[in-house]
Amino acid sequence: MSKFIPRYGVSDRVNHWIVALLFVLLSLSGLAFFHPAFFFLSSVLGGPVWARILHPFLGLVMAGSFVGLSMRVWKENIIKPVDIEWLKMIEEVINNGSGPDKLPIGKYNAGQKLMFWTMVGSVALLVLTGIVIWRSYFAMYFPIPLIRFAMLIHMLAGFTGIIALIVHVYAAIWVKGTIRAMTRGSVDAEWAKHHHPEWFKEQTGKH
Ligand code: HEM
């Protein structure tokens with residue numbers, strides 16, 4: 001048996017890294033608008049003026065790319081009964097106990113699925129509220145109280161997305177052997193067997 005199992009094709013990975021890069025740039029420039037302490041972060045988009053101009057346009061590109069990424073992975077992120085079992089064992093998952101390994105986990109575990117749906121919710125809210133607060137093009141069509149409310153939701157959705165991203169990156173580093181799935185496109189067979197046994201079975205026909 002080959003030691004590595006393919007997990008993502010080239011276009012999946014390019015799509016993912018475009019979303020990741022844009023999301024990070026949007027988070028940093030967004031923080032610059034949020035509080036003067038983060039003002040220096042506007043330099044990631046070329047300074048305050050360019051950041052104000054580019055942030056909403058890049059937001060649209062990120063959201064469009066995220067829709068593309070979601071269309072590739074949403075089916076494998078549907079919550080199933082086994083995910084509830086996994087969540088009930090969350091303490092064991094964190095302490096690296098052996099219980100969760102016995103569950104028939106597919107391509108993604110419940111933690112990854114929850115992060116996926118959290119991202120879907122925050123990106124959807126960010127786009128909707130982002131349009132309402134986009135001063136130069138759309139804000140004149142909306143009453144001021146709605147713009148203020150949209151601003152608040154935009155900020156909360158942004159924070160939620162940033163926290164989900166931190167958890168996502170931390171988990172990817174913490175579970176050894178995961179990063180190469182998104183860099184090389186393949187994973188070690190032992191990694192697959194250990195963390196995603198049902199997916200391993202589907203891919204190899206072996207137990
Ligand atoms: C910036 C640093 C990022 C790193 C290092 C990173 C790393 C990874 C890795 C290693 C995987 C493969 C996990 C696996 O196959 O088990 C993955 C999957 C994924 N990533 Fe990221 N990622 C980053 C940013 C993002 C962002 C910003 C988003 C979305 C807004 C995102 C959305 C996803 C999705 C949807 C998947 C597929 C897993 C699933 O659907 O549950 N990633 N990422």
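Contact here means heavy atoms within 4.5 Å. By that cut-off, Gln 112 touches Arg 7, Asn 77, Lys 107 and His 196, leaving aside residues up to four places away in sequence. The model is predicted, so local features need pLDDT of at least 70 and side-chain atom pairs count only at pLDDT 80 or more, while totals for chains, interfaces and linings use all residues. Residues are numbered from 1 along each chain as its sequence is written, and side-chain values use heavy atoms, with hydrogens and water left out.

**Iron site**

- His 16 (NE2) and His 168 (NE2) coordinate the iron atom of the ligand at 2.0 Å. Donors are N, O and S atoms within 2.8 Å of the metal (3.2 Å for Na, K and Ca); water is not among the atoms, so sites may look incomplete.
- His 16 belongs to helix 1 and His 168 to helix 6, so the pair links distant parts of the chain, 152 residues apart. Helices are DSSP runs (H or I, at least four residues), numbered from the N terminus.
- The iron site is octahedral, with angles of 87 to 180 degrees among its six donor atoms. Six donors count as octahedral if opposite donors are over 155 degrees apart and all others between 65 and 115.
- Ideal angles for six octahedral donors are 90 or 180 degrees.
- His 16 is buried, at 13% relative accessible area. His 168 is partly exposed, at 31%. Buried means under 20% relative accessible area, exposed over 50%, and partly exposed in between (1.4 Å probe, protein chains only).

**Shell around the ligand**

- The ligand is surrounded by 25 residues; the closest are Arg 7, Tyr 8, His 16, Gln 112 and His 168. A residue is near if one of its heavy atoms lies within 4 Å of the molecule.
- Helix 1 (10–34), helix 2 (48–73), helix 5 (110–132), helix 6 (144–174) and helix 7 (179–183) each supply at least two shell residues.
- Helix 1 gives the most, with six residues.

- A polar contact is a pair of N or O atoms within 3.5 Å.
- A side-chain N or O atom of Tyr 8 is 2.5 Å from an oxygen atom of the ligand.
- Asn 77 places a polar side-chain atom 2.8 Å from a ligand oxygen atom.
- Gln 112 also has a polar side-chain atom 2.8 Å from an oxygen atom of the ligand.

**Gln 112**

- Gln 112 sits in helix 5.
- Gln 112 is partly exposed, with a relative accessible area of 27%.
- Gln 112 and His 168 are 56 residues apart along the chain, yet 7.7 Å separates their C-alpha atoms.

Note on methods
A polar contact is a pair of N or O atoms within 3.5 Å; within protein, one must be able to donate a hydrogen and the other to accept it, and residues adjacent in sequence count only if both atoms are side-chain atoms. Four donors count as tetrahedral if all angles lie between 85 and 135 degrees; four count as square planar and six as octahedral if opposite donors are over 155 degrees apart and all others between 65 and 115; anything else is irregular.
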